[in-house]
Amino acid sequence: MNKIHVGFSGYVSIPDGGVFGDDLTVVNTARVSYNKKSDEWGDKDERLLKYLWDHEHTSPFRHASIRFEIKAPIFVLRQWMKHQIGCSWNEISYRYTQLEEGENESYYRPNLFRSQDAKNKQAGSSPLPRMDQIEADRIVKASYEASHKAYNDLINLGVCREQARIVLPVGIYSKAVWTASLQAIMHFIDLRLDESAQKEIRDYAVAIKTLAQQHFPQSIKLLNKEEFI
């Protein structure tokens, strides 16, 4: 598996050649201090890996990395892009690219709308009642349609792409490449699988964890994070 679909039409994937190193890379990087090297994974490697992570000797984890290709709503990417240390980002630009005509593929629509949490001002709570769900979806769809029409009207009027895009909402899907060290990936998973993280970015964190653990199973196992879905 090298691609996981997320949400309405998003995804996370690892392109061919997108992985550098493995769990052995981490422990052998640490062992360079003693001019030693392990050629095959064993119990000593597992103990060393755990010691490094538990005692925050994290520099060896920065010598392995993964390049991810991501399609996500802009409001998710703006949270994600706060992760900068040990990371490199490049994102599609609507200065150079015109919004795709496939409207349904371009905009994120929630499966469930949540009510505002009474205590936590930044979080959602329980799902809205069924009839309110239907109405909320209608409002979002109408808003997207109006934004899409306004964008196309500006383009057809001759307005440049870099200005026409100002009418597009944060629910629009964007595409990005995220290259991150193993330490940065583990930090992202640790934070974004937390119960307090927004549901939409938690869904992407699950996908990142699933893909990363295929290549770094021993390292990702150290997190032991429960997936709050």
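First, the ground rules. The model is predicted, local features need pLDDT of at least 70, side-chain atom pairs count only at pLDDT 80 or more, and totals for chains, interfaces and linings use all residues. Residues are numbered from 1 along each chain as its sequence is written, and side-chain values use heavy atoms, with hydrogens and water left out.

Now the overall layout. The protein has nine helices and eight strands. Helices (H or I, at least four residues) and strands (E, at least two) are DSSP runs, numbered from the N terminus. The C-alpha trace spans about 65 × 45 × 30 Å along its principal axes. Of the 229 residues, 41% are buried. Buried means under 20% relative accessible area, exposed means over 50%, and partly exposed is in between, with a 1.4 Å probe and protein chains only.

Let me start with the strands. Strand S1 (residues 3–6) and S2 run antiparallel and are joined by four bridges. Two strands pair if DSSP finds at least two bridges between them. Ile4 has Val12 in S2 as its bridge partner. Three residues sit between the strands of this hairpin, and Gly7 takes a positive phi near 65° there. On strand S2 (residues 10–13), Gly10 and Val12 point one way, Tyr11 and Ser13 point the other way, and all are buried. In a regular strand the side chains alternate between the two faces of the sheet. S2 also pairs with strand S4 (residues 65–73), antiparallel again, over three bridges. There, Ser13 has Glu69 in S4 as its bridge partner.

The search uses a 1 Å grid over the protein atoms alone: a cavity is a set of points where a 1.4 Å probe fits but cannot get out, a pocket is an open set with protein on both sides within 12 Å along at least five of seven lines, and lining residues have an atom within 4 Å of a point. Grid points are joined across faces, edges and corners, and a volume is the space filled by probe spheres set on the points.

The second largest cavity holds about 30 Å³.

H8 has 17 residues and reaches 25 Å from its first C-alpha to its last, close to the 24 Å expected at 1.5 Å a residue. The expected span is 1.5 Å times one less than the number of residues. Among the buried residues of H8 are Glu200, Arg202, Tyr204 and Lys209.

The second largest pocket has a volume of about 270 Å³. It is lined by 15 residues, and the closest to its centre are His83, Ile85, Gln183, Ala184 and His187. Helix H7 (residues 182–192) gives the most to this lining, with five residues.

On to the aromatic rings. There are eleven aromatic pairs. Rings of Phe, Tyr and Trp (its six-membered ring) pair if their centres lie within 6.5 Å; planes under 30 degrees apart count as stacked, over 60 as edge-to-face and the rest as tilted. Phe68 and Trp178 are stacked, at 5.6 Å centre to centre and 25° between the planes. Phe68 lies in strand S4 and Trp178 in strand S8 (residues 173–181), so the pair ties together parts that are 110 residues apart in sequence. Both Phe68 and Trp178 are buried. The rings of Tyr108 and Tyr173 have centres 6.4 Å apart and planes at 75°, so this pair is edge-to-face.

Most residues other than glycine have a negative phi, and most peptide bonds are trans. Asn35 is not a glycine, yet has a positive phi of about 55°. At 73% relative accessibility, Asn35 counts as exposed. Glu56, in the loop between H2 and S4, has a positive phi near 60°.
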